[in-house]
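The sequence and model are shown first.

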Amino acid sequence: MEILGTTLRICVDDLEAAVAFYEGLTGTPALRFERGGVSVAAISCFLLMSGPEPELEVLRKVSATIAVKDVDEAHAALTRVGARVVAGPVPTPAGRNLIALHPDGSVFEYVDRNAAV
């Protein structure tokens, strides 16, 4: 499985203030979208999320987002080494993703830029 990079996931109360800070810090404009009642802004390696607390509580359990070349390849590699895929693969605004539980208890999102078929 080829890992292309990681994204730091940050839950925030004030998305607009956080977007202004991270856009200023990185010099990169936010890519915004909504997912499951949560407002999301992707800025460089930061993924800012704001929304209802019950939704954020679930999102906080995912340590990081890992960009991969292909989610199907990641799925095969993860299951081969003993991880459990708990959600996905599913289409997202940016490609496809899955959520995996590693044997040590860590939870990660894996995402690619490939369109769903």
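## Overall dimensions

Of the 117 residues in the protein chain, 36% are buried, where buried means under 20% relative accessible area, exposed over 50% and partly exposed in between (1.4 Å probe, protein chains only). The model is predicted: local features need pLDDT of at least 70, side-chain atom pairs count only at pLDDT 80 or more, and totals for chains, interfaces and linings use all residues. Residues are numbered from 1 along each chain as its sequence is written, and side-chain values use heavy atoms, with hydrogens and water left out.

The C-alpha trace spans about 40 × 30 × 25 Å along its principal axes. The chain exposes about 6600 Å², of which carbon and sulfur atoms supply 57%; accessible areas come from the Shrake-Rupley method with a 1.4 Å probe, and for residues only the protein chains shown count as cover.

## Secondary structure

Three helices and eight strands make up the secondary structure of the protein chain, in the sequence pattern β-α-β-β-β-α-β-α-β-β-β. The radius of gyration is 14 Å, close to the 13 Å that the globule rule gives for 117 residues, so the chain is as compact as a globular protein of that length. This radius is taken over C-alpha atoms, and the globule rule is 2.2 Å times the number of residues to the power 0.38. Helices (H or I, at least four residues) and strands (E, at least two) are DSSP runs, numbered from the N terminus.

## The sheet

The eight strands form an open sheet of mixed pairing, in the order E2-E3-E4-E1-E5-E8-E7-E6; two strands pair if DSSP finds at least two bridges between them. Strands E2 (31-35) and E6 (84-92) stand at the edges with a single partner strand each, so one side of each is left without a neighbour in the sheet. From one strand to the next, the twist averages 25°.

Strands E7 (residues 95-101) and E8 (residues 107-112) run antiparallel and are joined by six bridges. Ala100 has Phe108 in E8 as its bridge partner.

## Helices on the sheet

Helix H1 (residues 15-26) lies across E1 (3-11), E2, E3 (38-43) and E4 (46-50), at about 170° to E4. Helix H3 (residues 71-80) lies across E5 (64-68), E6, E7 and E8, at about 10° to E7. Axes are lines fitted to C-alpha atoms, for helices over the stretch in contact, and angles run from 0 to 180 degrees between N-to-C directions.

In H3, Val71, Ala74, Ala77 and Leu78 are buried. Seen down the axis of H3, its buried residues fall within an arc of 120°, so they line one face of the helix; the arc is that of the directions from the helix axis to the C-beta atoms. The buried residues of H3 pack against E5, E6, E7 and E8, contact meaning heavy atoms within 4.5 Å.
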